Amino acid sequence: MTLGSEVSAVFVDDLLSLPTREKQAEYLRARGLFDAVGLDRLLDVADKLLNDDPSRARRLAEICGDLAYAAD
């Protein structure tokens, strides 16, 4: 399932499986998503997940919120 142009379900699973916010930030930075635009796209993905998988949607949105202050 593709959730966005380069944000797939596997991408989300990989991101959620990382143990720390630092590792998650590194993962996003390496993929060019660690900035305001990238985090906004991830929030769009969380919105799409909301009905089918609210737990994953919440976790993804929390990552975006926690990392927003440090994003490029």
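The buried residues of helix α1 (9-17) are A9, F11, V12, L15 and L16, where buried means under 20% relative accessible area, exposed over 50% and partly exposed in between, for a 1.4 Å probe and protein chains only. Seen down the axis of α1, these buried residues fall within an arc of 160 degrees, so they line one face of the helix. The arc is that of the directions from the helix axis to the C-beta atoms. On the other side of α1, V10 and S17 are exposed. The buried residues of α1 pack against α2, α3 and α4, with contact meaning heavy atoms within 4.5 Å.

The model is predicted: local features need pLDDT of at least 70, side-chain atom pairs count only at pLDDT 80 or more, and totals for chains, interfaces and linings use all residues. Residues are numbered from 1 along each chain as its sequence is written, and side-chain values use heavy atoms, with hydrogens and water left out. Helices (H or I, at least four residues) and strands (E, at least two) are DSSP runs, numbered from the N terminus.

**Helix α2 and its partners**

In α2 (residues 21-30), the buried positions are Q24, A25, Y27 and L28. They cover an arc of only 160 degrees around the axis, which puts them on the same side of α2. E22 and A30 are exposed on the other side of this helix. Cover for the buried residues of α2 comes from elements including α1, α3 and α4. Just after α2, G32 takes a positive phi of about 70 degrees.

Two helix pairs involving α2 are described by their axes, which are lines fitted to C-alpha atoms, for helices over the stretch in contact; angles run from 0 to 180 degrees between N-to-C directions. The axes of α1 and α2 come within 8 Å and cross at roughly 145 degrees. In this pair, F11, D14, L15 and L16 of α1 meet Q24, Y27 and L28 of α2. By class, that contact has 5 nonpolar, 1 polar and 1 charged residues. Ala, Val, Leu, Ile, Met, Phe, Trp, Tyr, Cys and Pro count as nonpolar, Asp, Glu, Lys and Arg as charged, and the others, Gly among them, as polar.

Helices α2 and α4 (residues 54-67) pack at an angle of about 90 degrees, with their axes 11 Å apart. The two are therefore roughly perpendicular to each other; angles under 35 degrees count as roughly parallel, over 145 as roughly antiparallel, 65 to 115 as roughly perpendicular and the rest as oblique. R21, Q24, A25 and L28 of α2 make the contact with E62, I63, D66 and L67 of α4. Its classes are 4 nonpolar, 1 polar and 3 charged residues.

**Helix α4**

At 1.5 Å a residue, the 14 residues of α4 should span 20 Å, and its end C-alpha atoms are 20 Å apart, which agrees. The expected span is 1.5 Å times one less than the number of residues. Buried in α4 are R56, A57, L60, I63, C64 and L67. They cover an arc of only 125 degrees around the axis, which puts them on the same side of α4. What covers them includes α1, α2 and α3 (36-49).

**Selected residues**

| Residue | Relative accessible area | Class |
|---|---|---|
| Q24 | 3% | buried |
| L39 | 5% | buried |
| R56 | 16% | buried |
| E62 | 37% | partly exposed |

Q24 belongs to helix α2. Leaving aside neighbours within four places in sequence, Q24 is in contact with L15, L16, L18, I63 and L67.

L39 lies in helix α3. Apart from neighbours within four places in sequence, the contacts of L39 are L28, L33, C64, L67, A68 and A71. The C-alpha atoms of L39 and L28 are separated by 8.8 Å, and the two residues are 11 residues apart along the chain.

R56 is placed in helix α4. Not counting residues up to four places away in sequence, R56 touches A9, V12, D13, L16 and L49.

E62 is also a residue of helix α4. The C-alpha atoms of E62 and R41, 21 residues apart along the chain, are separated by 14 Å.
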